[in-house]
Amino acid sequence: MTTTPAQAGWRFKQPSVIPGFGLTLGFSLVYLTLIILIPLAGLVWRSASLGWVDFWRIVTADRTLKALEISFGTALIAALINVVFGTIVAWVLVRYKFPGRRVVDAMVDLPFALPTAVAGIALTTLYAPNGWLGSLLMPLGIKVAYTPLGIIVALVFVSLPFVVRTVEPIIEEIDKEVEEAAATLGASRFQTITRVLFPGLAPAIITGFALAFARGVGEYGSVIFIAGNLPKVTEIAPLLIVIRLEEFNYPAATAIAAVMLAISFAMLLVINLLQTWSRKRYG
Amino acid sequence: MEVRVANVRKEFDRFPALRDVSLDIRSGELIALLGPSGSGKTTLLRLIAGLERPTTGKIFFGDEDASSKTIQERNVGFVFQHYALFRHMTVADNIGFGLKVRPGATRPSKEEIRGRASELLNLVQLSGLEKRYPAQLSGGQRQRVALARAMAIEPKVLLLDEPFGALDAQVRRELRRWLRDIHDTTGHTTVFVTHDQEEALELADRVVVMSQGQIEQIGTADEVYDTPNSPFVFGFIGESSSLPVRIADGQVWIADRPIGLSAPNHPAGDALLYFRPHDIELLDGCSGCIAGTVVASRRVAGTRRVELEIGGERQRVEIELPVDHIATQKSRIAFRPSRWKLFPVKAPAN
């Protein structure tokens, strides 16, 4: 083993021969500060004016905790569902040529383009107890609209493209020969997928998951129509924030927002680290 | 393991890639499938592997009909031109993959798999690289790992698709010798595809020359080089020159002159005379020879290639002379092929 030079603490990435490193780095920092950091700092500052005791009381209030739980719980489930089915959709779109493939491909992007409120209303109409799908599910004892299940359905809808679009290009890159190699070595189709193809897709799937999850946590428009917004049952955190705002209770709104922000940031950071790790392994 | 390809035909979208190919591969043999691109050599290899299914015809491994078996059941080792290593697995995991995916009953223990992997790494001279990932290896090293991976499953046949095609000339030559050594050590029945005749002639016990979906000739390097059985093989393997000639009275004629070659067994009429540029003797006078005007002369390594124009038809042929030969100064050269072959003018119908 040759010794590698010790990793010397924090260091800037070595600039390349192409000029503009300083300029682009400076621009990025200023831009991120203006667009993301200052508004977020405002949020923290606003909630800080509340005082620690009040902050803690608002944040640990039963209704707030429930709302946060519903928001993150449903977003997590929706993201997981999308990871499975989004990957399958991406697989089908890349691997099979069938009539109407282009149309299906375009359809995947629809949730991006559609105003989310429209999606929410459409889904509610469908899944309401007297809607097309709702009336079919009702006899089976499955209620979708106005339940947490409805929230999950809405979130699955809006975050599907994130998984499909991040995984698709990676599936396109898969070398046919790698699959053939696995087959000649005696691997069944299932083993080829789980042991050869899936690990190669893992970094992209994790990215898709992170994006879908983040989208789900922040989603508002489509959810409020289908959720029914019953406090402690189907009330999501973003809605609670809006409710507090409408009551002109700005400190409470920002306090909830700050907590959401902290949790989201922590989760995304973990996902990012996970991704770096898997990239390094599978790179 | 003997492999027998029996009357195999393969069509892709009605386009025949292989037409009625039959081939017997002896156990332990190292065979090269040689041909230009589009000759069907890779298709034949993939058919043997089971990566394609023949449109008609059968493939036998020993006495067993392999045509109905899946790729997984055939137990062949396949090495791809672009390695096709699993990039998320270490070298050792890549090599052990074929053993790890076996069903429980026949799967060796983890220690055995690890042992086998380092044994094979030793064989391919890459000991100590178990923990590396494919991205950390050079092209030549990757191809050796790919070969080790293919051999790990103790395949009945080893199939290599242009194994050195993506490597540079130096590494190619090195790996060629190395593959020959490995084959001599392990004794696997091995078939490899190449478009590089030097590679095929140097490496293989027998060479299968293919063209347009058919086998032109099967033989040892000496056989295909010295006694090509078709104009294609003559032209494809090694250098060659050809001249249209006429056979009459058991003699070979160019225009109205006999050139001093007798062909008593060849039917009279038009024919093509093939010879190698170096298989000639120079003549001084010309009573029964081929004479031509020098139009170009090139230095090629240790010899000089001279291009001649022959007769009124201005047919061009190339001959090879020693660099400092006196004849290279002349503007007109007379010669006669010392080894040659006649083929009927009309190519046999495909």
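Tutor: Start with B:Val208. Leaving aside residues up to four places away in sequence, B:Val208 touches B:Leu23, B:Ile31, B:Ala32, B:Leu33, B:Leu34, B:Ile215 and B:Ile218. Here, touching means that the C-beta atoms, placed from the backbone, lie within 7 Å.

A word on the source. This is a predicted model, in which local features need pLDDT of at least 70 and side-chain atom pairs count only at pLDDT 80 or more, while totals for chains, interfaces and linings use all residues. Residues are numbered from 1 along each chain as its sequence is written, with chains lettered from A and ligands numbered from 1 in the order in which they are written.

Now the core around B:Val208. The largest nonpolar core has 107 residues, and B:Ala32, B:Ile48, B:Leu159 and B:Val208 touch the most other members. Such a core is a set of buried Ala, Val, Leu, Ile, Met, Phe, Trp, Tyr and Cys residues joined through C-beta atoms within 7 Å. Buried means 20 or more other C-beta atoms within 10 Å of the residue's own; exposed means 12 or fewer; partly exposed is in between, with C-beta atoms placed from the backbone. Helix H5 (residues 139-152) of chain B gives the most to this core: seven residues. Another core lies apart from it, with 55 residues, among them A:Ala78, A:Val144, A:Leu211 and A:Ala212.

Next, helix H1 of chain B. Helices (H or I, at least four residues) and strands (E, at least two) are DSSP runs, numbered from the N terminus. Nine of the nine residues of H1 (residues 41-49) of chain B are buried, so this helix is largely enclosed by the rest of the structure. Among the buried residues of H1(B) are B:Lys41 and B:Arg46, along with B:Leu44, B:Leu45 and B:Ile48. Just after H1(B), B:Gly50 takes a positive phi of about 95 degrees.

Most residues other than glycine have a negative phi. B:Asp249 has a positive phi near 55 degrees. B:Asp249 sits in the loop between strand E11 (241-248) and strand E12 (251-254) of chain B. B:Asp249 is exposed, because 10 other C-beta atoms lie within 10 Å.

Chain B divides into domain 1 (3-235) and domain 2 (241-344); these bounds come from an automatic or database domain assignment. The centres of the two domains of chain B, taken over C-alpha atoms, are 41 Å apart.

Chain B also meets chain A. The contact takes 19 residues from chain B and 19 residues from chain A. On the chain B side, helix H2 (71-74), strand E6 (76-79) and helix H3 (91-100) each give two or more residues. That side holds 12 nonpolar, four polar and three charged residues. Ala, Val, Leu, Ile, Met, Phe, Trp, Tyr, Cys and Pro count as nonpolar, Asp, Glu, Lys and Arg as charged, and the others, Gly among them, as polar.

Chain A has 13 helices and zero strands. Of its 283 residues, 33% count as buried. Its C-alpha trace spans about 65 × 60 × 35 Å along the principal axes. Chain A is assigned domain 1 (21-50) and domain 2 (52-282). Their C-alpha centres lie 27 Å apart. Domain 1 of chain A gives seven residues to the contact between them, and domain 2 of chain A gives nine.

Note on methods:
Contact = placed C-beta atoms within 7 Å.
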